[in-house]
Amino acid sequence: MSLTPLHIETPLLRTSATYSKSGLPLWLKLDALQPSGSFKLRGVGLLCQHEVAKGARQIFCASGGNAGIAAAFAGRSLGVPVTIVVPETTSSEVRARIAATGAEVLVHGRVFDEANAHAVSLAAAQNAAYVHPYDHPLLWQGHATLIDEVVRAGAEFDCVVTSVGGGGLLAGIVEGLQRNGLSTIPVIAVETEGAASLNAAIAAKAWVTLPAITSIANSLGARQVARHVFDLVDHHPIESVTVTDAEAVRACLKFADAHRVLVEPACGAALAVADVHAGLLSRFKAPLIEVCGGIGVSLAMLENWRAQYC
């Protein structure tokens, strides 16, 4: 079935070599400019479309924010009601933004796991579709379109830098590379300290669960990555690195000054790599950074983070 995408093709920019300590020109894929504010609309939109095409007349999704507003946007576009279950840690500002997009917002549980279990239960009780924020093959298929767009634009890149939460974006990037014949291009997977579930799993060589999320980058706050994502490490060149909250915030501020676009610290983590891990990028010539975006940011929040971390 051919479906008209709900996401848009986003700009691809090239920085100067002086933008970061890496000394390299960087490709920036600006998914912060998606209608929902983040890359999530690529996969969430596709999954919602398929559910509605199968007959779904209501959608439930659990989210800390970005998947929720993507599902809300998709539901509004498709003409079906959407309920988003968020944990108590989701800020009132993010709840209001999701509600303003047309979804009903319910608060349940202290962490995502509890909110997610409640969303699954509600969807089953009401015979509605349940949309997972990061763990579904159609999500990965949708997210892979960002690589399709970069390839179609003719950009030559030799690594991809991306933030990792539950791992849906990472899985999509790997799928996009593989379906474009780029399976040897490595992915640098970035997490903030305190939300580094993939990094912990790789170190332990086991699919582990973090005891808690302690990072400001709460949209990276999956205590355990999707099993598929953990398994990908054995099938694709993936390098896991971490940055601090302060480093992520500094990257957000730097990006805002340079490109006049606000992104949340979860996105800043990927942008920080070119400065914090400049040595890691030294073996490459043209890194591609996925600027994943995020709605958990405002000018006031950036100023508060500047005062706190910088």
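Is Val160 buried or exposed, and what is its relative accessible area? In this predicted model, Val160 is buried, with a relative accessible area of 0%. The residue sits in strand S7, which covers residues 159–163. Leaving out residues up to four places away in sequence, Val160 touches Ile147, Ile173, Leu177, Ile185, Pro186, Val187, Ile188 and Leu288. One of these, Pro186, is 26 residues away from Val160 in sequence, yet the two C-alpha atoms are 6.5 Å apart in space.

Some of those partners turn up again in a helix pair. Helix H6 (residues 145–152) packs with helix H7 (residues 168–179) at an angle of about 40°, and the two axes are 7 Å apart. That angle makes H6 oblique to H7, and their crossing is right-handed. On the H6 side, the contact is made by Thr145, Leu146, Ile147 and Asp148, while H7 brings in Leu169, Ile173, Gly176, Leu177 and Arg179. Sorted by class, the contact of H6 with H7 has five nonpolar residues, two polar ones and two charged ones. Ile147 of H6, along with Ile173 and Leu177 of H7, takes part in this contact, and Ile147, Ile173 and Leu177 are also among the residues that Val160 touches.

Arg42 belongs to helix H1, which spans residues 40–53. With a relative accessibility of 1%, Arg42 counts as buried, because the cut-off for that label is under 20%. What do the polar contacts of its side chain look like? The side chain of Arg42 is joined to that of Thr145 by a polar contact of 2.8 Å, and to that of Thr10 by another of 3.3 Å. Setting aside residues up to four places away in sequence, Arg42 touches His7, Ile8, Thr10, Lys29, Asp31, Gln34, Gly142, His143, Thr145, Leu146 and Glu149. Thr145 and Leu146 from this list also belong to the H6 side of the contact with H7.

Helix H1 has a helix partner too. H1 and H2 pack at an angle of about 45°, their axes 9 Å apart. H1 is therefore oblique to H2, and H1 passes H2 in a right-handed crossing. From H1, the residues involved are Lys40, Leu41, Val44, Gly45, Cys48, Gln49 and Val52, and these meet Asn66, Ala67, Ala70, Ala71, Phe73, Ala74 and Leu78 in H2. The contact of H1 with H2 divides into 10 nonpolar residues, three polar and one charged.

H2 also packs with H3. Helix H2 (residues 66–78) and helix H3 (residues 92–100) meet at an angle of about 10°, with 8 Å between their axes. At that angle, H2 is roughly parallel to H3, and H2 passes H3 in a right-handed crossing. Here Gly68, Ile69, Ala72 and Arg76 in H2 meet Arg97, Ile98 and Ala100 in H3. The residues of this contact come out as four nonpolar, one polar and two charged.

Trp27 is found in strand S2 (residues 27–30), and with a relative accessible area of 16% the residue is buried. Ile289 is 262 residues away from Trp27 in sequence, but the C-alpha atoms of the two are 6.0 Å apart. Neighbours within four places in sequence aside, Trp27 is in contact with Leu12, Leu13, Arg14, Ala155, Glu156, Phe157, Ala286, Pro287, Leu288 and Ile289. The backbone oxygen of Glu156 lies 3.0 Å from a polar atom of the Trp27 side chain. Leu288 shows up in the contacts of Trp27 and also in those of Val160.

Most residues other than glycine have a negative phi. Asn127, however, has a positive phi, near 55°. This residue lies in the loop between helix H4 (112–125) and strand S6 (129–131), and Asn127 is exposed, with a relative accessible area of 73%. Lys205 likewise has a positive phi near 55°. Its place is in the loop between helix H8 (197–204) and helix H9 (227–232), and at 76% relative accessibility Lys205 counts as exposed.

Note on methods. Residues are numbered from 1 along each chain as its sequence is written. This is a predicted model: local features need pLDDT of at least 70, side-chain atom pairs count only at pLDDT 80 or more; totals for chains, interfaces and linings use all residues. Side-chain values use heavy atoms; hydrogens and water are left out. Helices (H or I, at least four residues) and strands (E, at least two) are DSSP runs, numbered from the N terminus. Buried means under 20% relative accessible area, exposed over 50%, partly exposed in between (1.4 Å probe, protein chains only). A polar contact is a pair of N or O atoms within 3.5 Å; within protein, one must be able to donate a hydrogen and the other to accept it, and residues adjacent in sequence count only if both atoms are side-chain atoms. Contact means heavy atoms within 4.5 Å. Axes are lines fitted to C-alpha atoms, for helices over the stretch in contact, and angles run from 0 to 180 degrees between N-to-C directions. Angles under 35 degrees count as roughly parallel, over 145 as roughly antiparallel, 65 to 115 as roughly perpendicular and the rest as oblique. A crossing is left-handed if the near helix is turned anticlockwise from the far one by less than a right angle, and right-handed if clockwise. Ala, Val, Leu, Ile, Met, Phe, Trp, Tyr, Cys and Pro count as nonpolar, Asp, Glu, Lys and Arg as charged, and the others, Gly among them, as polar.
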